[in-house]
Amino acid sequence: MDAPITLLLIGVTCVVSLIAFRTPSLLMRLILWPPAIDRHRQYDRLVTYGFIHADFWHLLFNMVTLFFFGRMMEQVMTQLSGSRLTYVAFYFSALVVSILPTYLKHQKDPNYRSLGASGAVSAVLFAYILIDPWARIGVFFIPMPAIVFAVLYIAYSIWMDRRGGDNINHGAHLAGAAYGILFLAAMEPRVLGHFLESLSNPSFG
């Protein structure tokens, strides 16, 4: 599958994350730290936070998910728009949009930090679900339809966002998921009809 942008994003994210694991100063410069944006106008952190991760497993989960679903969405968006730049704009804007609610909530909090590509990856995943809601995906080696995973994912993220305490930015996951759906629907409104029709004709193959 021809998906050079997705592979490039994965490669860059892996390289930057691995370097940041060993270079605390780089990690602290790229991480989303609200006071750095609010006081020092380091707006690039609204994007760079997505290229660093908390640990190897955090990085692996996000990049494996991006590998499987990003390639498909890169092809779909390129075919719809005629340019791979649309997918580039989608991914980078998803990084910004998915973190904005968190940033605004913690804008004055010097103790808050966030990192990881999860918000943008959620956008990619949920855009894909509009295309093929009954696709079989593996969740911790358990196969299930993509739409079932989507419902469970949203319910879990809402519950954990309210509960808190696990140092995971579930709000970014939710914002990213919503953005992925809205972006693709705005880009190709017919996808909503396709999604509803697909839902009414379950296929578990």
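Starting at the N terminus, the elements of the protein chain come in the order α-α-α-α-α-α-α-β-β-α-α-α. That gives ten helices and two strands. Keep in mind that this is a predicted model.

**The overall build**

- The protein chain has a radius of gyration of 17 Å, close to the 17 Å that the globule rule gives for 205 residues, so it is as compact as a globular protein of that length.
- Of the chain's 205 residues, 47% count as buried.
- Take the contacts between residues at least 6 apart in sequence: 71% of them join residues at least 24 apart.

**Helix α6 against helix α7**

- Helix α6 covers residues 85-105 and helix α7 covers residues 118-131; the two pack at an angle of about 125°, and their axes are 7 Å apart.
- α6 and α7 are therefore oblique to each other, and their crossing is right-handed.
- On the α6 side, the contact is made by Tyr87, Phe90, Tyr91, Ala94, Leu95 and Ser98, while α7 brings Gly119, Ala120, Ala123, Val124 and Ala127.
- Sorted by class, this contact of α6 with α7 has nine nonpolar residues, two polar ones and no charged ones.

**Helix α5 against helix α7**

- Helix α5 (residues 56-81) also meets α7: their axes come within 9 Å and cross at roughly 40°.
- α5 and α7 are therefore oblique to each other, and this crossing is left-handed.
- From α5, the residues in the contact are His58, Asn62, Thr65, Leu66, Phe69, Gly70, Met72, Met73 and Val76. From α7, they are Ser118, Val121, Val124, Leu125, Ala127, Tyr128 and Ile131.
- The class tally for α5 with α7 is eleven nonpolar, five polar and no charged residues.

**Helix α5 against helix α6**

- The axes of α5 and α6 come within 8 Å, crossing at roughly 130°.
- That makes α5 oblique to α6, with a right-handed crossing.
- Here Leu66, Gly70, Met73, Glu74, Met77 and Ser81 in α5 meet Thr86, Tyr87, Phe90 and Tyr91 in α6.
- This contact of α5 with α6 has six nonpolar, three polar and one charged residues.

**Two serines to look up**

- Ser98 sits in helix α6. Is Ser98 buried or exposed? Its relative accessible area is 0%, so Ser98 is buried.
- Leaving out residues up to four places away in sequence, Ser98 touches Tyr49, Gly119, Ala120, Gly171, Ala172, Ala175 and Gly176.
- Ser98 and Thr6 are 92 residues apart along the chain, and their C-alpha atoms are separated by 19 Å.
- Ser114 belongs to the loop between α6 and α7. With a relative accessible area of 5%, Ser114 is buried.
- Which residues does Ser114 touch, not counting those up to four places away in sequence? They are Ile31, Leu32, Tyr49, Ile99 and Asn169.

- Asp2 lies in the segment before α1 (4-22). Its relative accessibility is 48%, so Asp2 counts as partly exposed.
- Asp2 touches Gln75 and Arg84, again not counting residues up to four places away in sequence.
- Asp2 and Ile31 are 29 residues apart along the chain, and 31 Å separates their C-alpha atoms.
- Arg41 is in the loop between α3 (34-40) and α4 (45-48). At 49% relative accessibility, Arg41 counts as partly exposed.
- What is the phi of Arg41? For Arg41, phi is positive, at about 60°, although this residue is not a glycine.

Terms used:
Residues numbered from 1 in each chain as written. Predicted model: local features only at pLDDT ≥ 70, side-chain atom pairs only at ≥ 80, totals over all residues. Heavy atoms only, no water. Axes fitted to C-alpha atoms, helices over the stretch in contact; angles between N-to-C directions. Helix = DSSP H or I, 4+ residues; strand = E, 2+ residues; numbered from the N terminus. Parallel < 35°, antiparallel > 145°, perpendicular 65-115°, else oblique. Left-handed = near helix turned anticlockwise from the far one by under 90°. Contact = heavy atoms within 4.5 Å. Nonpolar A, V, L, I, M, F, W, Y, C, P; charged D, E, K, R; others polar. Rg over C-alpha atoms; globule rule 2.2 N^0.38 Å. Buried < 20%, exposed > 50% of the residue type's maximum accessible area, 1.4 Å probe, protein only.
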